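Try each task before reading its solution.

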Amino acid sequence: MELSSRITLDPSVMSGRPTIRKMRFTVVQMLELLAGGMSISEILEDYPYIQEDDIYACLKYAVKLASTRQVVSFA
């Protein structure tokens, strides 16, 4: 899966935050749903414009960000 076809960065959409296919649905929103315990099937049911590959792209994007050499402390 090509991340650039699913995760977009456009200054005119959501202030340039990473979004799903230039929609007003951010990667962070998706990750919050998953972290909150929603299943993929629940997300797809509640958000019919989201595709399963969008969800996996968000996870892959998060992995790439977390894999950087610089670690940021939350404390």
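## Getting oriented

The protein has 4 helices and 2 strands as its secondary structure. Keep in mind that this is a predicted model.

**Exercise 1.** Describe the overall layout: in what pattern do the elements follow along the sequence, and what does the C-alpha trace span along its principal axes?

*Solution.* 
- Step 1: reading along the sequence gives the pattern α-β-β-α-α-α.
- Step 2: along the principal axes, the C-alpha trace spans about 35 × 30 × 25 Å.
- Step 3: of the 75 residues in the protein, 29% are buried.
- Step 4: the accessible surface is about 5300 Å², and 55% of that surface belongs to carbon and sulfur atoms.
- Step 5: take the contacts with a separation of 6 or more; residues 24 or more positions apart account for 43% of them.
- Step 6: for the charges, compare the mean positions of the 8 positive and 9 negative ones, which are 11 Å apart.

## The core

**Exercise 2.** Find which residues of the largest nonpolar core touch the most other members, and work out which element gives the largest share of this core.

*Solution.* 
- Step 1: the largest nonpolar core holds 14 residues, and those touching the most other members are Ile7, Ile20, Phe25, Met30, Ile43, Ile50 and Cys58.
- Step 2: two or more residues of this core come from each of α2 (27-35) and α4 (52-66).
- Step 3: α4 gives the largest share, with 4 residues.
- Step 4: zoom in on Cys58, and set aside its neighbours within four places in sequence; its contacts are then Ile7, Ile20, Val27, Met30 and Leu31.

**Exercise 3.** Look at Ala57: is this residue buried or exposed, and how far is its C-alpha atom from that of Ile7?

*Solution.* 
- Step 1: Ala57 is placed in helix α4.
- Step 2: the relative accessibility of Ala57 is 0%, so Ala57 counts as buried.
- Step 3: Ala57 and Ile7 are 50 residues apart along the chain, yet 6.9 Å separates their C-alpha atoms.

**Exercise 4.** Which residues are in contact with Thr19, leaving aside its neighbours within four places in sequence?

*Solution.* 
- Step 1: locate Thr19 in strand β2 (residues 19-20).
- Step 2: the relative accessible area of Thr19 is 1%, and because buried means under 20%, Thr19 is buried.
- Step 3: beyond four places in sequence, Thr19 is in contact with Arg6, Ile7, Thr8, Val13, Met14, Phe25, Thr26 and Val27.

**Exercise 5.** Trace the surroundings of Leu33: which residues is Leu33 in contact with, leaving aside its neighbours within four places in sequence?

*Solution.* 
- Step 1: Leu33 belongs to helix α2.
- Step 2: with 17% relative accessibility, Leu33 counts as buried.
- Step 3: apart from its neighbours within four places, Leu33 is in contact with Phe25, Met38, Ile43 and Tyr47.

## Aromatic rings

**Exercise 6.** Classify the pair of Phe25 and Tyr49 from its geometry, then find which residues are linked into a cluster by ring pairs.

*Solution.* 
- Step 1: a pair of aromatic rings is described by the distance of the centres and the angle of the planes.
- Step 2: the structure holds 3 aromatic pairs.
- Step 3: for Phe25 and Tyr49, the ring centres are 6.3 Å apart and the planes are at 70°, so this pair is edge-to-face.
- Step 4: Phe25 is in the loop between β2 and α2, and Tyr49 is in the loop between α3 (40-46) and α4, so the pair ties together parts that are 24 residues apart in sequence.
- Step 5: Phe25 is buried at 5% relative accessible area, whereas Tyr49 is partly exposed at 42%.
- Step 6: Tyr47 and Tyr49 also form an edge-to-face pair, with 6.2 Å centre to centre and 80° between the planes.
- Step 7: Tyr47 has a relative accessible area of 24% and is partly exposed.

## Backbone angles

**Exercise 7.** Check the backbone at Met14 and Lys22: what is phi of Met14, and what is phi of Lys22?

*Solution.* 
- Step 1: phi of Met14 is near 55°, a positive value in a residue other than glycine.
- Step 2: Met14 sits in the loop between β1 (7-8) and β2, and Met14 counts as buried at 14% relative accessibility.
- Step 3: Lys22 is not a glycine either, and its phi is positive at about 60°.
- Step 4: the place of Lys22 is the loop between β2 and α2.

Key
Residues numbered from 1 in each chain as written. Predicted model: local features only at pLDDT ≥ 70, side-chain atom pairs only at ≥ 80, totals over all residues. Heavy atoms only, no water. Core = buried A, V, L, I, M, F, W, Y, C linked by side-chain atoms within 4.5 Å. Buried < 20%, exposed > 50% of the residue type's maximum accessible area, 1.4 Å probe, protein only. Contact = heavy atoms within 4.5 Å. Phe/Tyr/Trp six-rings, centres within 6.5 Å; stacked < 30°, edge-to-face > 60°. Areas by Shrake-Rupley, 256 points an atom, 1.4 Å probe, with all protein chains shown as cover. Lys, Arg positive; Asp, Glu negative; His and termini not counted. Charge placed at Lys NZ, Arg CZ, Asp CG, Glu CD.
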